[in-house]
Amino acid sequence: MSILLTGITTSGTPHIGNYIGAIKPSIEQSKNFKNNFLFLADYHSLIKNQDPELTYKSSLEIAAAWIACGIDTKKVNFYRQSSIPQILELSWILNAVTPKGLLNRAHAYKAAVDLNENTDPDKGINAGLFNYPILMSADILLFDADFVPVGSDQKQHIEMTRDIAGRFNNTYGNTFTLPEPIISENTPLLSGLDGRKMSKSYNNFIKLFSSENELRKLINQIVTDSLLPGEEKDTKSSILFEYFKAFTKDSKLKDIKRLFKEGMGWGDLKKMLFEIINQELSPLRQKYDELMNSPESVEEILIEGEKKAIIQAEIKIKEVREKVGIKPLHG
Ligand code: ADP
Ligand code: TRP
């Protein structure tokens with residue numbers, strides 16, 4: 001029975017790009033697997049963010065968002081990385097078989113070094129960033145994941161995980177499954193209000209759980225051209241159309257294309273887009289608000305998931321410890 005596993009770094013508030021590109025497809029995908037692991041990569045987030053308030057808030061918001069969007073927490077093992085100490089234990093064991101040269105080649109680390117051109121190459125780089133791929137390998141290998149859905153920027157980390165698993169298996173005998181990445185090439189990246197990729201880094205995003213009024217205001221800010229009502233609008237170059245596409249069933253999209261062709265005004269198109277997005281998000285927003293007002297219920301759901309995940313983590317770490325020779329001394 002195949003195992004699907006993925007992690008979400010707890011940095012910042014989810015936006016509708018995350019919803020379209022990650023949350024919604026992952027929840028759909030999880031329905032096809034009996035054995036699912038989905039976790040908050042909160043230890044990974046410490047590498048970038050050292051504001052405790054933000055770390056706490058982001059974990060709560062992201063957990064609440066995934067629950068509100070419909071992750072089946074009875075079926076999916078939903079947990080925090082930080083609640084499974086075996087991940088850190090394995091991470092150290094993997095450090096010992098990972099060549100430093102492999103980590104030198106990691107894109108994220110190299111990009112940070114490149115930013116330091118002409119100065120000390122280590123400036124502002126913490127050891128956590130350097131070791132990031134090992135912690136990620138531990139996340140994956142501890143649960144014997146077969147498939148790992150990730151964005152294309154994470155592909156190298158899965159290749160490294162396979163490499164590290166292979167080295168361990170060669171040294172100590174077959175122990176770890178070599179995971180395959182699942183990279184959905186056909187999930188388009190949603191543009192932000194200004195036309196660049198929607199991202200926290202560009203501050204051009206629409207918060208997934210904006211209030212109705214905020215959502216309406218932000219949709220009104222989406223950049224369009226200056227064509228007037230009555231003039232035919234091009235769907236291909238339109239950010240607004242991209243949003244229609246992300247939130248509308250294929251069968252309805254034909255009608256929207258027709259409205260563009262017939263020259264519906266941008267103002268009316270934006271009103272219509274608001275209605276469509278709001279209709280989808282409104283029940284989720286209500287659930288999200290309830291969860292945010294009751295963090296203890298989110299905590300409870302995570303603790304349930306953690307109880308299940310830790311049983312499997314304990315079995316695997318015991319096997320790994322024995323393989324490397326760390327075991328009781330009574331023979
Ligand atoms: P950000 O760029 O805002 O920092 P993250 O890197 O935290 O977003 O993204 C988490 C996941 O959400 C990514 O792996 C990707 O699958 C998805 N994602 C992020 N931005 C977008 C977007 N604009 N469109 C579609 N999916 C996105
Ligand atoms: N590094 C991933 C990201 O930034 C998050 C992550 C951490 C992850 N551990 C993982 C993803 C294990 C998949 C599997 O998106």
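Predicted model: local features only at pLDDT ≥ 70, side-chain atom pairs only at ≥ 80, totals over all residues.
Modeller: Local features need pLDDT of at least 70 and side-chain atom pairs pLDDT 80 or more, while totals for chains, interfaces and linings use all residues. Residues are numbered from 1 along each chain as its sequence is written, chains are lettered from A and ligands numbered from 1 in the order written, and side-chain values use heavy atoms, without hydrogens and water.

Biologist: What makes a residue one of those around ligand 1?

Modeller: A residue is near a molecule if one of its heavy atoms lies within 4 Å of it. The residues around ligand 1 include His15, Asn18, Pro188, Met198 and Ser199.

Biologist: Which residues around ligand 2 come nearest?

Modeller: Of 14 residues, these are Thr9, His44, Tyr132, Asp139 and Gln154.

Biologist: Which side-chain atoms lie 2.7 Å and 2.9 Å from a nitrogen atom of ligand 2?

Modeller: An N or O atom in the side chain of Asp139 is at 2.7 Å, and one in the side chain of Gln154 is at 2.9 Å. A polar side-chain atom of Thr9 lies 3.2 Å from an oxygen atom of ligand 2. Taken alone, ligand 2 exposes 370 Å², and the protein buries 87% of that.

Biologist: What makes a set of residues a nonpolar core?

Modeller: The members are buried Ala, Val, Leu, Ile, Met, Phe, Trp, Tyr and Cys residues joined through side-chain atoms within 4.5 Å; buried means under 20% relative accessible area (1.4 Å probe, protein chains only). The largest such core has 52 residues, and among those touching the most other members are Ile16, Trp66 and Phe244. Helix H12 (residues 266–292) gives the most to this core, with 10 residues; helices are DSSP runs of H or I, at least four residues.

Biologist: Why is this core said to lie between domain 1 and domain 2?

Modeller: Domain 1 (3–188 + 295–324) and domain 2 (212–290) both give residues to the core, so it lies between them. The domain bounds come from an automatic or database domain assignment.

Note on methods:
Buried < 20%, exposed > 50% of the residue type's maximum accessible area, 1.4 Å probe, protein only. Helix = DSSP H or I, 4+ residues; strand = E, 2+ residues; numbered from the N terminus. Polar contact = N/O pair within 3.5 Å; in protein donor to acceptor, adjacent residues only side chain to side chain. Areas by Shrake-Rupley, 256 points an atom, 1.4 Å probe, with all protein chains shown as cover.
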